Amino acid sequence: MTKNVRFTDKNTSRKPLSTEDCQTLSRGLEVMDTILAGPQEGLRVVALCRKTGLERATVYRLLHSLQAARYVSVLSRFHYGPGERWKALVPLTKQREDLAERLTPVLASVSAGCGDAAFAVVRDGGLSHCIARHVGNYPVQVLVIQVGTRQPLGVGAAGLALLSALEDREVEAAIEVNAPTLALYGGMTQDRLRALVAATRERGWSVVGNHATRGVLAVGLAVYDSAGDVVAGISVATTEARMPKERQRKILQLIRKALRGNGFVAY
């Protein structure tokens, strides 16, 4: 005997959202939209209340839920911005375009202060990828790379600063994947690159000479976002004669000042 089987659609059996639930969802989306449209440094609760017209208690309650779901994060004291889950939805190309735009005034400020070319790179697997460059006003410019250049992470000062800010396992993975091509950059070796990483971590900034380009010396610094995540590396390159230790320190002061003045964190 055949039994009658009743099939049900689990989706249609769910309880529909109440009017109150719909209102909460709508308000949460409004808060999220306001945060996304806000400045890079984030928005305070008082600003969110003013822009959305919601009560402070309501905004706090919605922020708590959005934080728990990692769509919102605290960028600095009392300032809220997009969280890691939301950032993951943004295409990588768009993220890099936005980062390049934010770093452009940083590079311009650094170049204006020292007269030499400044560069910004991001990590692309085991490679560094130049996303921005600014030419200085000194008569002799050392343009070691251009926007779009990719090379093993660590053979240039910006890439070395970025590599040194990563965890040990990530450093080793990058060195290993680049092992076959390192020698093409001034005879770089895996052991030499490990020593440069250790020196960079101890010193606090990177110094590289005669590897990516002969006769050139460059200094670099890792760039962190407000959440404390390393997002890029910045460097200034010039001839060895123009880069004594005292000037290296002055350039690094320029880089730190420019980064902090544009919403980044520099150590």
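Two strands count as paired if DSSP finds at least two bridges between them. The exercises below apply this to a predicted model.

**Exercise 1. Find the order of the strands in the open sheet, and name its edge strands.**

Step 1. Six strands make up the open sheet, and their order is β5-β4-β3-β8-β7-β6. The pairing is antiparallel.

Step 2. An edge strand pairs on one side only, and this holds for β5 (150-152) and β6 (206-209).

Step 3. On average, neighbouring strands of the sheet are turned by 35° against each other, direction ignored.

**Exercise 2. Describe how β6 and β8 pair with β7.**

Step 1. Between β6 and β7 there are four bridges, and the two strands run antiparallel. Ser-206 stands opposite Gly-220 in β7.

Step 2. On the β8 side, β7 pairs with strand β8 (residues 230-239) over nine bridges, again in the antiparallel sense. Val-219 has Val-236 in β8 as its bridge partner.

Step 3. The hairpin of β7 and β8 has five residues between the strands, and Gly-228 takes a positive phi near 90° there.

**Exercise 3. Decide whether the faces of strand β7 are covered or open.**

Step 1. In a regular strand the side chains alternate between the two faces of the sheet.

Step 2. On one side of β7 are Val-216, Ala-218, Gly-220, Ala-222 and Tyr-224, and on the other are Leu-217, Val-219, Leu-221 and Val-223. These residues are all buried, and both faces are covered.

Step 3. Nine of the nine residues of β7 (residues 216-224) are buried, so the strand is largely enclosed by the rest of the structure.

**Exercise 4. Classify the aromatic pair, and state whether each of its residues is buried or exposed.**

Step 1. The structure holds one aromatic pair. The ring centres of Tyr-224 and Tyr-267 are 4.8 Å apart, and the ring planes stand at 70°.

Step 2. Planes over 60 degrees apart count as edge-to-face. The angle of 70° therefore makes the pair of Tyr-224 and Tyr-267 edge-to-face.

Step 3. The two residues are 43 residues apart and belong to distant parts of the chain: Tyr-224 is in strand β7, Tyr-267 in the segment after α10.

Step 4. Buried means under 20% relative accessible area, and exposed means over 50%. Tyr-224, at 16%, therefore counts as buried, while Tyr-267, at 55%, counts as exposed.

**Exercise 5. Work out the setting of Ser-128 and of its strand, β4.**

Step 1. Strand β4 (residues 127-134) runs antiparallel to β5 and is joined to it by three bridges. His-129 stands opposite Arg-150 in β5.

Step 2. Ser-128 also lies in β4. Its relative accessibility is 4%, so Ser-128 counts as buried.

Step 3. Leaving aside residues up to four places away in sequence, Ser-128 touches Val-121, Val-122, Thr-149, Arg-150, Gln-151, Pro-152, Leu-153 and Gly-159.

**Exercise 6. Describe the crossing of helices α6 and α10, and the residues that make the contact.**

Step 1. The axes of α6 (residues 92-114) and α10 (residues 245-260) come within 9 Å and cross at roughly 150°. The crossing is right-handed.

Step 2. From α6, the contact uses Leu-103, Val-106, Ser-109, Val-110, Gly-113 and Cys-114. From α10, it uses Arg-247, Ile-251, Leu-254, Ile-255, Ala-258 and Leu-259.

Step 3. Sorted by class, the contact of α6 with α10 has nine nonpolar, two polar and one charged residues.

Terms used:
Residues are numbered from 1 along each chain as its sequence is written. This is a predicted model: local features need pLDDT of at least 70, side-chain atom pairs count only at pLDDT 80 or more; totals for chains, interfaces and linings use all residues. Side-chain values use heavy atoms; hydrogens and water are left out. Axes are lines fitted to C-alpha atoms, for helices over the stretch in contact, and angles run from 0 to 180 degrees between N-to-C directions. A crossing is left-handed if the near helix is turned anticlockwise from the far one by less than a right angle, and right-handed if clockwise. Contact means heavy atoms within 4.5 Å. Ala, Val, Leu, Ile, Met, Phe, Trp, Tyr, Cys and Pro count as nonpolar, Asp, Glu, Lys and Arg as charged, and the others, Gly among them, as polar. Buried means under 20% relative accessible area, exposed over 50%, partly exposed in between (1.4 Å probe, protein chains only). Rings of Phe, Tyr and Trp (its six-membered ring) pair if their centres lie within 6.5 Å; planes under 30 degrees apart count as stacked, over 60 as edge-to-face and the rest as tilted.
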